[in-house]
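User: I would like to learn how to read the features of a model such as this one, step by step. Could we begin with how a strand is assigned?

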Amino acid sequence: SDSTLGFSTKLSLDSMPDSLYIACSDYYYPTESQRVTSRFGIRGSRFHYGIDVGVRYGDTIRAPFSGTVRLASYQRGGYGHYIVITHDNGLESLMAHFSRRLVKEGDQVVAGQPIGLGGSTGRSTGPHLDFRLWKNGQPINPLKVPQKPTEPIKEANREKFEWVKQRVIAELEGEVPDSMKITVIDSVVIK
């Protein structure tokens, strides 16, 4: 469980700040895949303190921020092969279910450095990455961490991009009737 790894698993709204500054300039999303298969929040009768990202066996998993590997171990019936990194910005991350770990405890890692390979070890029904973040022992939704764009939008695609952007903003602001909403945008590829 998270508590045996040194993380809080009880959310106390009184102890959580209204806002929090976290340096995210070197953030690197840990997988090439952006397919979230389980979100942060209530899952069945339990709270899921991270996100699950669908990966393929052997996919490269990368450090989300620079830091030091605090734990690199195996948990039977739980996380399987997992890694906990204490990051230079005060966050800690846990990534789990690797088929193979590429780092060991005490290693220094930089954001974007390969740290393991995708897998399905431990309590898992298929290959995925369990990705969790903590600040001062409190879980943070990894999807709320701002990401840098990977490449600029090509001028030929600017009009399509602006349409999608404006549509999503309108939906988030409640300006689009439910029957007209784009209910799920798994990924948008504009080349």
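Analyst: Helices (H or I, at least four residues) and strands (E, at least two) are DSSP runs, numbered from the N terminus. Here V36 has its place in strand β1, residues 36–38. This is a predicted model, in which local features need pLDDT of at least 70 and side-chain atom pairs count only at pLDDT 80 or more, whereas totals for chains, interfaces and linings use all residues. Residues are numbered from 1 along each chain as its sequence is written, and side-chain values use heavy atoms, with hydrogens and water left out.

User: Leaving aside its neighbours within four places in sequence, which residues is V36 in contact with?

Analyst: Contact means heavy atoms within 4.5 Å. Once neighbours within four places in sequence are set aside, V36 is in contact with Y29, I51, D52, V53 and L143. As for V53, its C-alpha atom is separated by 4.4 Å from that of V36, although the two residues are 17 apart along the chain.

User: Is S33 buried or exposed, and which polar atoms lie around its side chain?

Analyst: Buried means under 20% relative accessible area, exposed over 50%, and partly exposed in between, with a 1.4 Å probe and protein chains only. S33, found in the segment before β1, counts as buried because its relative accessible area is 19%. A polar contact is a pair of N or O atoms within 3.5 Å; within protein, one must be able to donate a hydrogen and the other to accept it, and residues adjacent in sequence count only if both atoms are side-chain atoms. A polar atom of the S33 side chain lies 2.7 Å from the backbone oxygen of G54 and 3.1 Å from the backbone nitrogen of R35.

User: In what order do the strands β5, β9 and β11 form a sheet?

Analyst: Two strands pair if DSSP finds at least two bridges between them. The 3 strands form an open sheet in the order β5-β11-β9, with antiparallel pairing, and the edge strands, β5 (60–62) and β9 (100–101), each pair on one side only. Between β5 and β11 (residues 114–117) there are 3 bridges, and T60 has L117 in β11 as its bridge partner.

User: Which residues touch the most other members of the largest nonpolar core?

Analyst: A nonpolar core is a set of buried Ala, Val, Leu, Ile, Met, Phe, Trp, Tyr and Cys residues joined through side-chain atoms within 4.5 Å. Of the 23 residues in the largest one, I83, I85, M95 and I115 touch the most other members. A second, separate core has 7 residues, among them Y79, Y82, V84 and W134.
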